[in-house]
Amino acid sequence: MSAYELTVRFGHVLALDDVSLQTPTGQITAVVGGDGAGKTTLLEALVDLVPIEAGSVDSPARSTIGFMPAGAGSWSELSVDENVAFVGGSYGLATDVLTTRADDLLTRAGLSDVRDRLAGQLSGGMRKKLGFCLAMLHEPQLLILDEPSTGLDPVSRVELWRLISEAAARGTAVVLTTTYLDEAERAGTVLVLERGKALLSGSPQDVVSSYPGVIVQTDSPTRPQFAWRHGTGYREWWPDDPPKGSTTTALTLEDVSIVASLRQEVGS
Amino acid sequence: MSGPLLQAQALSRTFGAFTAVDQVTFDVAPGEVVGLLGANGAGKTTVIRMLLGLLRPTAGHALLNGNPPSRAGRERLGYVPQGLGLYAELTVRENLEFAAQAFGCPPARPEGPMRETRDRLVSDLPLGIRRQVAFLCALQHRPDVLVLDEPSSGVEPLGRARLWDQIREQSQRGVGVLVTTHYMQEAQQCDRLLLMSQGRLVAQGTEADIVDGTTAVAVASDDWARVFAVLSAAGLAVNLAGRDVRVIDPDLPVVRELLAGQGIEAACHEVPATIEERMTMLART
């Protein structure tokens with residue numbers, strides 16, 4: 001799927017401003033950015049849930065897209081099996097096909113023992129994994145996940161990532177949003193959004209290696225506009241040579257995302 | 001003030017036959033930032049609810065400024081719950097005034113983005129601003145103790161860094177802070193860590209104390225997803241750190257053999273485990 005130069009406006013608020021995105025088969029594409037950056041709006045524009053003011057989306061048929069919203073993505077008053085039957089029915093899956101796929105997905109997600117439990121009674125991690133299974137039930141070519149790992153503990157996070165990477169390995173194009181930059185590093189392409197604009201995009205390695213400057217680790221920042229707390233000290237960005245004798249480290253994807261936001265703030 | 005602000009003494013709580021918290025003991029001193037870690041269901045929120053006086057312990061004691069939690073004691077406490085605890089149908093200013101009145105203090109003056117949106121309903125505001133308002137509501141009566149339940153869930157890196165600026169500003173004023181988190185980098189910002197698993201306090205101290213000599217093998221390759229698939233299929237405790245696939249508590253030759261058997265070229269190094277990996281390991285046992 002491809003989206004070209006998308007612009008979305010809500011009233012007088014410019015939610016997306018000239019944003020482009022490609023989602024190659026068998027790859028994970030990560031969209032990162034803060035609250036209000038436009039991540040969810042972008043995903044919704046891709047599946048035609050919000051009107052596009054300018055630009056175009058070239059996407060596969062709706063029946064070949066799986067979408068997991070930032071909320072639960074399942075019905076709390078239905079059991080796991082009832083959720084599966086309901087979603088499978090909406091996609092018109094034959095009973096035997098649905099049974100096979102549901103068995104396979106729920107087993108891999110570690111949910112086979114809780115099929116009679118109401119979705120509302122599942123733990124946060126299990127609920128997210130159920131949402132994932134439902135979005136994958138009809139074997140979509142394109143899987144869209146809105147903040148799949150927000151609020152999950154590390155144990156559930158790694159289990160969900162196992163499911164996501166398996167889906168990509170089987171040839172599904174995956175696009176997801178996240179606020180965790182270590183997750184974005186796993187993507188083939190990362191798109192950093194801020195206030196509706198694309199700040200950076202490319203492979204995580206390219207985004208980091210093409211970004212100028214170095215990071216100085218310090219206890220007393222001398223460039224407070226470009227310093228932020230990290231551990232008990234600070235990280236501070238220098239666009240060119242830092243003062244002699246400073247402790248420098250290479251930029252990480254998280255540093256690049258923070259510096260890009262700070263530069264936009266300082267510039268505006 | 002010298003004594004601990006928060007104390008859990010052999011604190012326990014059962015729900016029917018289920019033991020949610022089992023003999024947990026720790027304290028939080030003035031000016032200290034203590035991180036409470038654990039997977040979902042480890043008992044973190046139950047501990048917090050007992051310290052706040054919202055839930056009665058089955059055994060042991062929860063003490064706030066040396067006394068059992070009470071209405072008067074809670075005047076010295078600021079609390080930001082996971083759900084932020086704001087009134088969605090009130091404006092920013094009304095929320096601040098309401099909280100200030102409850103604590104009998106003058107309302108704080110909203111600054112920055114909060115000032116621009118002070119007359120809007122909280123339900124109409126983005127999460128970032130709502131979080132700032134919740135913080136200000138918890139801080140405006142100048143509490144001695146601050147309890148934060150997963151304050152940065154869903155917050156982007158710059159927002160997280162700013163949140164920690166605020167937390168440190170409070171601890172430098174002498175406020176004792178207890179913060180729950182899932183995020184390792186956040187745990188590294190704390191002065192001291194507590195790790196809970198299945199209701200029990202299983203480790204405490206620095207990051208090194210928590211990791212407790214556990215090691216991991218970091219596997220770097222061009223195709224992390226394939227490495228991840230091969231090693232998880234073999235039943236190893238596999239984790240991810242960026243693009244590195246990491247095996248917890250490993251047998252290095254076994255990892256190398258599995259990858260070589262699939263013709264995968266990868267560099268394997270033994271490294272100290274992270275806090276997340278220690279948590280994953282505890283959850284598997």
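This report walks through a predicted model with chains A and B.

## Ground rules

Because the model is predicted, local features need pLDDT of at least 70 and side-chain atom pairs count only at pLDDT 80 or more, while totals for chains, interfaces and linings use all residues. Residues are numbered from 1 along each chain as its sequence is written, and chains are lettered from A and ligands numbered from 1 in the order in which they are written.

## Strand 7 of chain A

Let's start with strand 7 of chain A, residues 173-178. Helices (H or I, at least four residues) and strands (E, at least two) are DSSP runs, numbered from the N terminus. Six of the six residues in strand 7 of chain A are buried. A residue is buried if 20 or more other C-beta atoms lie within 10 Å of its own, exposed if 12 or fewer, and partly exposed in between, with C-beta atoms placed from the backbone.

Which way do the residues of this strand point? A:Ala173, A:Val175 and A:Thr177 point one way, A:Val174, A:Leu176 and A:Thr178 the other way, and all are buried. As a rule, side chains in a regular strand alternate between the two faces of the sheet.

## Its neighbours

Strand 7 of chain A runs parallel to strand 3 (residues 28-32) of chain A, joined by five bridges. It also runs parallel to strand 6 (residues 142-145) of chain A, this time with four bridges. Two strands pair if DSSP finds at least two bridges between them.

A:Val174 turns up in both pairings: A:Ile28 has A:Val174 as its bridge partner, and A:Leu143 stands opposite A:Val174. From strand 6 of chain A, the chain crosses through helix 5 (residues 154-169) of chain A to strand 7 of chain A, a right-handed β-α-β crossover. Right-handed here means that, with the strands pointing away from the viewer, the path from the first strand over the helix to the second runs clockwise.

## Helix 4 of chain A

How much of helix 4 of chain A is buried? The count is 12 of its 13 residues, so helix 4 is largely enclosed by the rest of the structure. Among the buried ones are A:Arg127, A:Lys128, A:Leu130 and A:Phe132. The cover includes strand 5 (65-68), helix 2 (80-90), helix 3 (95-108), strand 6 and helix 5 of chain A.

The length of helix 4 of chain A works out too: at 1.5 Å a residue its 13 residues should span 18 Å, and its end C-alpha atoms are 19 Å apart, which agrees. The expected span is 1.5 Å times one less than the number of residues.

## Where the chains meet

The contact between chains takes 34 residues from chain A and 35 residues from chain B; two residues are in contact if their C-beta atoms, placed from the backbone, lie within 7 Å. Helix 5 of chain A gives the largest share of chain A's side, 10 residues.

That side of chain A divides into 10 nonpolar, 14 polar and 10 charged residues. Ala, Val, Leu, Ile, Met, Phe, Trp, Tyr, Cys and Pro count as nonpolar, Asp, Glu, Lys and Arg as charged, and the others, Gly among them, as polar.

## Chain B

Chain B has 11 helices and 13 strands, and buried residues make up 45% of its 285 residues. Its C-alpha atoms fill a box of roughly 70 × 45 × 35 Å, taken along the principal axes.

Chain B is divided into domain 1 (6-210) and domain 2 (213-284), with bounds from an automatic or database domain assignment. Their centres, taken over C-alpha atoms, are 34 Å apart. Nine residues of domain 1 of chain B are in contact with seven residues of domain 2 of chain B.
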